[in-house]
Amino acid sequence: MQTKAYAKLTLCLHVKDRVNGSLHFRNVTVPIDLFDMVYLEKSETMHIETDKKYLPNDKRNTVYKALILLKETYAIKDNFKVRIVKNIPTQSGLGGGSADAAAVIRMINEMYALDLSRE
């Protein structure tokens with residue numbers, strides 16, 4: 001499977017309130033026409049690869065964390081190979097890592113008919 005993981009631009013960020021010491025935000029974001037390509041396939045082992053050598057391809061990677069959470073939550077026995085072609089600049093505030101993880105969640109949702117909501 002493959003999909004585009006779109007970047008987002010935050011137009012407004014407002015601190016809404018503080019609950020139990022945590023800040024809660026209200027923000028306005030819009031997708032922009034900049035995306036990473038994310039490829040997912042079943043594999044013998046868990047494997048993340050990117051076209052940028054400086055990105056972590058292990059348990060520190062947001063996509064890896066999302067996959068482990070999905071595997072544990074939904075008792076998925078399969079392992080996966082994920083290849084990410086980065087176009088969204090890292091550390092830019094455009095949500096590249098989060099977009100990649102969300103793309104993988106959407107693909108796993110479709111692959112296993114988990115019936116997860118967009119939220």
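Me: How many salt bridges are there here?
Reply: The count comes to five salt bridges, where a salt bridge is a side-chain nitrogen of Lys or Arg within 4 Å of a carboxyl oxygen of Asp or Glu. This is a predicted model, so local features need pLDDT of at least 70 and side-chain atom pairs count only at pLDDT 80 or more, while totals for chains, interfaces and linings use all residues. Residues are numbered from 1 along each chain as its sequence is written, and side-chain values use heavy atoms, with hydrogens and water left out.

Me: Ok, which residue forms a salt bridge with D36?
Reply: K86 does, with the closest N and O atoms 2.5 Å apart. The pair links distant parts of the chain, 50 residues apart: K86 sits in the loop between strand 4 and helix 2, and D36 in strand 2. Helices (H or I, at least four residues) and strands (E, at least two) are DSSP runs, numbered from the N terminus.

Me: Are K86 and D36 buried or exposed?
Reply: Both K86 and D36 are buried. Buried means under 20% relative accessible area, exposed over 50%, and partly exposed in between, with a 1.4 Å probe and protein chains only.

Me: And what about K86 and D100?
Reply: Their side chains also meet in a salt bridge, at 3.3 Å from N to O. D100 lies in helix 2 and K86 in the loop between strand 4 and helix 2, so this pair ties together parts that are 14 residues apart in sequence. K86 has a relative accessible area of 8%, and D100 is buried too, with 3%. Salt bridges that share partners join D36, K86 and D100 into one network.

Me: How far apart are the closest N and O atoms of K52 and D51?
Reply: They are 4.0 Å apart, in a salt bridge. K52 is partly exposed, because its relative accessibility is 26%, and D51 is partly exposed at 39%.

Me: Switching to the fold, what order do the strands of the sheet take?
Reply: Four strands form an open sheet in the order 1-2-4-3, with mixed pairing. Strand 1 (2-19) and strand 3 (47-50) are the edge strands, each pairing on one side only. Two strands pair if DSSP finds at least two bridges between them.

Me: How many bridges join strand 3 to strand 4?
Reply: Four bridges join strand 3 to strand 4 (residues 79-85), and the two run parallel. I48 has V82 in strand 4 as its bridge partner.

Me: Where does helix 1 lie?
Reply: Helix 1 (residues 62-74) lies across strand 3 and strand 4, running at about 155 degrees to strand 4. Helix 2 (residues 96-112) packs on the sheet, touching strand 1, strand 2 (22-43) and strand 4, and its direction makes about 60 degrees with that of strand 2. Axes are lines fitted to C-alpha atoms, for helices over the stretch in contact, and angles run from 0 to 180 degrees between N-to-C directions.

Me: Last one: what is R106 in contact with?
Reply: Leaving aside neighbours within four places in sequence, R106 is in contact with T3, K4 and R118, contact meaning heavy atoms within 4.5 Å. R106 lies in helix 2 and counts as partly exposed, at 33% relative accessibility.
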